[in-house]
Amino acid sequence: MASTAVANSKLHQSLALYQTAIGKKYVVAVTGAILFFFTIGHMLGNLQIYLPNAQEALANYAKLLHASAELLWAVRLGLLSCFVLHVVTIAQLYNLNRAARPQGYVRKTPTLSTYASRTMYLSGPILFFFVLYHLSHLTLGSTHPRYVEMDPYHNLVIGFRQPLASLFYVIAMSMLGLHLTHGVWSMFQSMGLNHPKYRNLLRNFATISAAALSIGNISIPVCVLLGIIGKDLV
Amino acid sequence: MTLNSRIPGGPIERAWQTTKFNMKLVNPANKRKYHVIVVGTGLAGASCAASLGELGYNVTAFCFQDSPRRAHSIAAQGGINAAKNYRNDGDSIYRLFYDTLKGGDFRAREHNVYRLAEVSVNIIDQCVAQGVPFAREYGGTLANRSFGGAQVSRTFYARGQTGQQLLIGAYQALERQVASGQVKMLARTEMVDLIVIDNKARGIVTRNLITGKLEIHMADAVALATGGYGNVFYLSTNAKGSNVTAGWRAHKRGALFSNPCFTQIHPTCIPVSGEYQSKLTLMSESLRNDGRIWVPKNAGDRRSPDQIPEDDRDYYLERMYPSFGNLSPRDISSRAAKRVCDEGRGVGETGLGVYLDFRDSIQRLGENAIRERYGNLFEIYERITGENPYKVPMRIFPAVHYTMGGLWVDYHLMSTIPGLFVLGEANFSDHGANRLGASALMQGLADGYFVAPYTITNYLAETKLEKVSADHAEAKGALENATNLTNRLLSIRGKKTVTQFHRELGKIMWDYCGMARNKQGLEFAIGRIREIREEFWQNVSVPGSGSDLNQQLENAGRVADFIELGELMCLDALDRNESCGGHFREEYQTPEGEAQRDDENYAYVAAWEYKGENAAPVLNKEPLSFEYVKPAQRSYK
Amino acid sequence: MKLTLNVWRQSGPNAPGKMVRYDMPGVNEDMSFLEMLDVLNESLIVKGEEPVTFEHDCREGICGSCGFMINGKAHGGFPKTTVCQLHMRHFKDGEELFIEPWRASAFPLVKDLMVDRSAFDRIIQAGGYISVPTGSAPDGNAIPIPKSNADRAMDAAACIGCGACVASCPNASASLFTAAKVAHLNLLPQGQPEKFDRALRMVTAMNEELFGSCTNMQECEATCPKGISIENIAILNRHFVEASFSERPATAEVGAG
């Protein structure tokens, strides 16, 4: 008797997980979680711009991050692979899901799904392009008008004085908020963490952390444009 | 024809054990050489097919729905009886046997009923092991309730969806066998004829409902578990697809049809609201545990129920049957409702309804307690009627619910055609003239899990079965027969739709062969049905073709069979000059208006033999003897 | 009241399909949606046209046969309601309705509003059962089950297999259906021996049937006629991943005698 279909399964054990849609969602959730924690850390670091001696504080912070090149690159590679895995897996799921319904409805009315969840395929790609721009703008400096190595305060203020650049940041960070409103909650659900008692708690955590991240990040270019930050720089 | 019921001798308590021991067995290695066909995948069919597959037989199962999980057993709400005596309230196998036999108004075979009660305990164990989520007490043990006129708590339930959960359990067992290759499942396939070779059932002809293709399937034994024929009334609580076709076509091939006039009218259904109505919805009988049934005392009282003071209300069941009150058995309660409506005291727009009122229970227990017990039923009611039963009393009226009659079977569940077994509601065997609540699920699973797998094995072991192929003349003849029928239906191209005929038939059946019958009415009905039949074959409109999915064609074949069955039901009702259980002949009642049995002349099973399209059917009788429970007038006063 | 219906008509899986407009005068508000379609069909037959094919059976919301999209919502999107239990009093006089079949690769269209949902049966075949042959069960009360577990199992087991979850899911995923069965059986002590195997096999089967993936949007829960919670999907995810990590190759040796 073929009672152990697991043995029959064509999928090799270690790959089996990834080959199923649920396994893929796990990958998306885990990489998403890592990227989420990174964005929180990143924002907290950047918020040092509101300290009285912001230029010095940010420079010291940059020095700290660059203290060990090996560690820095390890983290960078780690983040990069998370980012790539996150995007590639989603792309695969996107194709799977498109194939699952080749003919759409003449009418389709959403019910319980949130606006954020329905726009993941919009907010995601925007964030993808944002990350590319952001790296070239403030990490490599190639799209920055006056990039100065290891002076983040200068780079931020000068960079954000360009209204178009700032506008893109504001849009992208709004998208980040939207993305995470669904993404963070979804992460718990995909990893199997849902319970009637905590469902609202997890939902609220997702919404609040997404909003905080979004507002915290948006505040910087806005404050630069309003002249609240960077009065000391010409 | 002599009917051999193969009832075993010896004390009834040992009868099934002895029978099982005396049965022949099939060597495990030989089982796969036998092919068994199971038609229908409700409780009886799915459980039988799964169990036969587990034993190692080669099984092919058929259902007309898109999946075996849809069979109408799924709609049973209330529960399933078993003589577990978990409540320590004096239940026993013998008591369940006694209650079922008495509830059936002494028109069932003692030995079948005893066996049913005996295996009832195994059913619960089997279902629990399958993962059926029965209701539980806080301590983790199984919960029970009293149900449908029983004075012990022996009913097991899974919310208001017991039938669904039991069916899903059997369906899952069936799918496990499908996965292992023991059972081949053909859904969307309807049986249209039985193949009989050398006086043995050797296969069936089916129609693939998607492609329209008619096919021959040969086998060593055929089990029909095709449910009841309540849809002969057009409006019933049955599913729209429920039909008598498989059983009726087997009847035409020689299987006797028993007690067709024994139909159960369920007292608690939502009343009809209009002409377009396509089916009736049952409100679980469990509601009668806490609801009080009443109508206004005076005919023509059109005040809204909250305006009718206590003194102007007639709680007629409590008045007429003080010891059982609102929990009186189904036939009694239904008839009482009909009587008060006939007196002009019915409620609702049509005057065909009585109140089922929860006001007192809500006052006594609080709305939350009622919501906990019946919340989902109240939701169903509100969804259908748009009225809130927490505020306004429910309106209910009796509706056709179950048919006790069916193909005649012996103690082995075998029909008069050797090798043709009939299980569940499709047979006539266990409920006599009236079925008690929560007994249908019990019978379906008893037949499928614990009876038929033994008796079919015995048949295969003791019968010499010649090799036959689909090329056999009988098989080809049956196929041709089915082809001709399809062509005939499609060639009429008349003016009236199949549904119009069905409605017309249903109305005649309800008016003259429903809750109360009389000679004159039945004779009139027989005449009308013959006219309907004649007109049907000249004027029915079946659009489309036979080589395609064609729901009208499917329905036309079924309605044609219902028309013929309807006539037989009236004949049977006319022939039975007594009242018993669900069969109430107005001429035969006690001075108080209760059913008056005639044990001297009618203590038999009527088994009708088909004699041809325009020939009168012949009545055969299987006398019933009562050694263990002496017939008495059922009294619920 | 009077309604205008736009119904998807398609004579077979490979035939072209289109929306066809029908005027429906004289709709009674106590009719169910299917009874309204019955009336339409009767009028079509009388006119010599082919009636609209739709699946239906029990008409009391439990068999799971019926179901189609009404104005872009599965079963019309009313809480805990199948189309057979949806009454016309929920619609307004003069309203225009769009009626379409479930759309999913895994549910190929059969005719008009009827689709083939046998993929669900195959998912069950993969492991949606407890392997207990007839006759081998211990006493029903031998293993006490905490009431809350029995209740949660019942909540999940209430699934009627209608396919609304797949139809309303933006990705045509069968996660809710599969999860409901896994949760129902895995929450019960009787389901423990096959718990991990079941999750693995059913998820694999779901994948092979061309269903999409769950993106946690909750559309399924909203249109499920039995109100089955997506908490069950979290349970499925958890058991599946636990199973993937703890799985061992089957031992080949079988006792010979």
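Before we start: the model is predicted. Please keep that in mind throughout.

Chain A first, briefly. How many helices and strands does chain A have? There are ten helices and zero strands. Read along the sequence, the pattern is α-α-α-α-α-α-α-α-α-α. The C-alpha atoms of chain A fill a box of roughly 80 × 45 × 35 Å along the principal axes.

Now chain C. Domain 1 of chain C covers residues 3-110, and domain 2 of chain C covers residues 117-246. The contact between them draws 20 residues from domain 1 and 20 residues from domain 2. The C-alpha centres of these two domains are 29 Å apart.

How much area do the two domains of chain C bury between them? About 1,500 Å². Carbon and sulfur atoms give 65% of that area. Which three residues of domain 1 supply more of its buried area than any other three? They are K80(C), A106(C) and F107(C). Together they supply 34% of what domain 1 of chain C buries against domain 2 of chain C.

Next, the polar side of this domain contact. The count between domain 1 and domain 2 of chain C is one salt bridge. Look at R117(C) and E55(C). These two residues form a salt bridge, with their closest N and O atoms 3.4 Å apart. Between domain 1 and domain 2 of chain C there are also five residue pairs in polar contact, with both residues at pLDDT 80 or more. And the make-up of the domain 1 side that touches domain 2? What are its classes? Nine residues are nonpolar, eight are polar and three are charged.

Let's move to chain B against chain C. Here 75 residues of chain B are in contact with 76 residues of chain C. Between them, chain B and chain C bury about 6,000 Å². Carbon and sulfur atoms carry 50% of that area. Which residues of chain B lose the most area to chain C? R70(B), Y276(B) and R383(B) do, and together they make up 12% of what the chain B side buries.

Salt bridges again. How many are found across the interface of chain B and chain C? Six. Take K84(B) with D139(C): this is a salt bridge with the closest N and O atoms 3.0 Å apart. The polar contacts across the interface of chain B and chain C come to 45 residue pairs, both residues at pLDDT 80 or more.

Where on chain B do the touching residues sit? Several helices give two or more residues to the side that touches chain C, among them α3 (43-55), α5 (110-130), α11 (367-385) and α16 (551-575) of chain B. The largest share comes from α6(B), with nine residues. By class, this side of chain B has 26 nonpolar, 31 polar and 18 charged residues.

Last topic: aromatic pairs. Over all chains the count comes to 42. Here is one of them, W16(B) with Y411(B). Why is this pair edge-to-face? The ring centres of W16(B) and Y411(B) are 6.0 Å apart and the planes stand at 80°, so the pair is edge-to-face. The pair links distant parts of the chain, 395 residues apart. W16(B) sits in helix α1 (residues 12-22) of chain B. Y411(B) sits in the loop between β16 (406-407) and β17 (420-422) of chain B.

That's it from me. Thanks.

Technical notes. Residues are numbered from 1 along each chain as its sequence is written. Chains are lettered from A and ligands numbered from 1 in the order in which they are written. This is a predicted model: local features need pLDDT of at least 70, side-chain atom pairs count only at pLDDT 80 or more; totals for chains, interfaces and linings use all residues. Side-chain values use heavy atoms; hydrogens and water are left out. Domain bounds come from an automatic or database domain assignment. Contact means heavy atoms within 4.5 Å. Buried area is the accessible area (1.4 Å probe) that two parts lose on being put together, summed over both. A salt bridge is a side-chain nitrogen of Lys or Arg within 4 Å of a carboxyl oxygen of Asp or Glu. A polar contact is a pair of N or O atoms within 3.5 Å; within protein, one must be able to donate a hydrogen and the other to accept it, and residues adjacent in sequence count only if both atoms are side-chain atoms. Ala, Val, Leu, Ile, Met, Phe, Trp, Tyr, Cys and Pro count as nonpolar, Asp, Glu, Lys and Arg as charged, and the others, Gly among them, as polar. Helices (H or I, at least four residues) and strands (E, at least two) are DSSP runs, numbered from the N terminus. Rings of Phe, Tyr and Trp (its six-membered ring) pair if their centres lie within 6.5 Å; planes under 30 degrees apart count as stacked, over 60 as edge-to-face and the rest as tilted.
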